[in-house]
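Subject: A structure to look through

Dear colleague,

I am passing on a structure for you to look at before we next talk. Please open it first, and then read the notes below beside it.

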Amino acid sequence: MMKSSTSKSVYKWQRQYSHAKQRRHFSIKKVINFIISSVKIVLSTLAFLAIFAVPYLMHVYIQNNNPIKFQNITIYGNVANIPQDKLQELIKIASNKNALTFDLDNYRKQWLTEPWVNYVKLERQWPNRLAIYIDVRKPFARWGFAKMIDTDGNIFTPETIPDGDWLFLHGKEQYAKTLIQKISPTQNLLEALGLRIISLNLDERRAFSIILDNNIQLLLGSENYEQRLQTFSSHYKEYIAARADEIKSVDLRYNSGFAVKWRTKAVSGAYNLTASRH
């Protein structure tokens, strides 16, 4: 009886030990899994932060240490009309600046504030060069007295007007290209007469008028521009050239012929060769 009781106690103790061992084994495994999961989360978080932090830290480092500066700035293009003080001011903006972080887009906009600059392209050239390619406006004539117009019909206001025997154009800005288109054929015709255009005007009624280098004004109206100019050309040598100094204007706004306005009232009305005005 005693032996049976002892056997049962031993068996019970063995079962409890076995269960305790299993529970202990199970708990250690959970701990290990938890640690591994935690480490993975920490590493993932650090990797995520590194994606943003590393570039930022590199940017801050480059800005603070400024390892590469623009030492050589080269301009390609004819900059003769750009005032020297403005040119040096624009170059100074980029000189010795950080070649890696310098804002080229904003710098390009600063160049475009100069009226003579039509287009600009900037190019970083390793390691410390900056190339500036400039397309400057090609002046065609003066627009009024303070502005100029380029060969593309764009009106701009330079700081100073370059010296030169400039043609003057007058009119609304919307008529700029129309005036430019008239110049070449008009000048070709007048040069054959030994004359040159001083100014071409298009008024609010879209009527053309020309002032020549002999101070005669041609009134051409808003219609039949080429035909009326041809009328002047056909009669210039016969009726006008010999007395050009006495003539103030030639009115060509007629179906045929023209009227002359003299500079002195004594001969006013003479040489009126027209029939009916159109």
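Leaving aside its neighbours within four places in sequence, which residues is Ser233 in contact with? Before I come to that, please keep in mind that this is a predicted model. With the neighbours within four places set aside, the residues in contact with Ser233 are Leu189 and Leu193. Ser233 itself is found in helix H5, and it counts as buried because its relative accessible area is 17%, which falls under the 20% cut-off.

The whole chain

The chain has five helices and twelve strands, and of its 278 residues 33% count as buried. If you take the contacts in the chain with a separation of 6 or more, residues 24 or more positions apart account for 47% of them.

The sheet

Nine strands form an open sheet with mixed pairing, and their order is E6-E5-E4-E7-E8-E9-E10-E11-E12. At the edges stand strand E6 (155–156) and strand E12 (259–262), and since each has a single partner strand, one side of each is left without a neighbour in the sheet. Strand E4 (residues 139–143) and strand E7 (residues 168–170) run parallel and are joined by two bridges, with Arg142 standing opposite Phe168 in E7. Helix H4 (residues 176–191) packs on the sheet, where it touches E4, E5, E6, E7, E8 and E9, and its direction makes about 140 degrees with that of E8. Helix H5 (residues 225–240) also packs on the sheet, touching E8, E9, strand E10 (217–221) and strand E11 (247–251), and its direction makes about 145 degrees with that of E10.

Strand E10 and its partners

Four of the five residues of E10 are buried, so this strand is largely enclosed by the rest of the structure. E9 and E10 run antiparallel and are joined by four bridges, and the bridge partner of Phe208 in E10 is Gly221. The hairpin of these two strands has four residues between them, and in it Asn215 takes a positive phi near 70 degrees. E10 and E11, by contrast, run parallel and are joined by three bridges, and the bridge partner of Leu218 in E11 is Val250.

Helix H5

A straight helix of 16 residues would span 22 Å, whereas H5 spans only 19 Å between its end C-alpha atoms; H5 also bends by about 40 degrees at Ser234. Several residues of H5 are buried, including Tyr225, Phe232, Ser233 and Ile240, and the buried residues of this helix pack against H4, E8, E9, E10 and E11.

In soluble globular proteins, nonpolar side chains tend to be buried together. The largest nonpolar core here has 35 residues, and those with the most contacts inside it are Leu169, Ile210, Leu218, Phe232 and Val250. E4, H4, E8, E9, E10, H5, E11 and E12 each supply at least two residues of this core, and H4 gives the most to it, with six residues.

With best wishes

Terms used:
Residues are numbered from 1 along each chain as its sequence is written. This is a predicted model: local features need pLDDT of at least 70, side-chain atom pairs count only at pLDDT 80 or more; totals for chains, interfaces and linings use all residues. Side-chain values use heavy atoms; hydrogens and water are left out. Two strands pair if DSSP finds at least two bridges between them. Contact means heavy atoms within 4.5 Å. Axes are lines fitted to C-alpha atoms, for helices over the stretch in contact, and angles run from 0 to 180 degrees between N-to-C directions. A nonpolar core is a set of buried Ala, Val, Leu, Ile, Met, Phe, Trp, Tyr and Cys residues joined through side-chain atoms within 4.5 Å. Buried means under 20% relative accessible area, exposed over 50%, partly exposed in between (1.4 Å probe, protein chains only). The expected span of a helix is 1.5 Å times one less than its number of residues. The bend at a residue is the angle between axes fitted to the seven residues ending there and the seven starting there.
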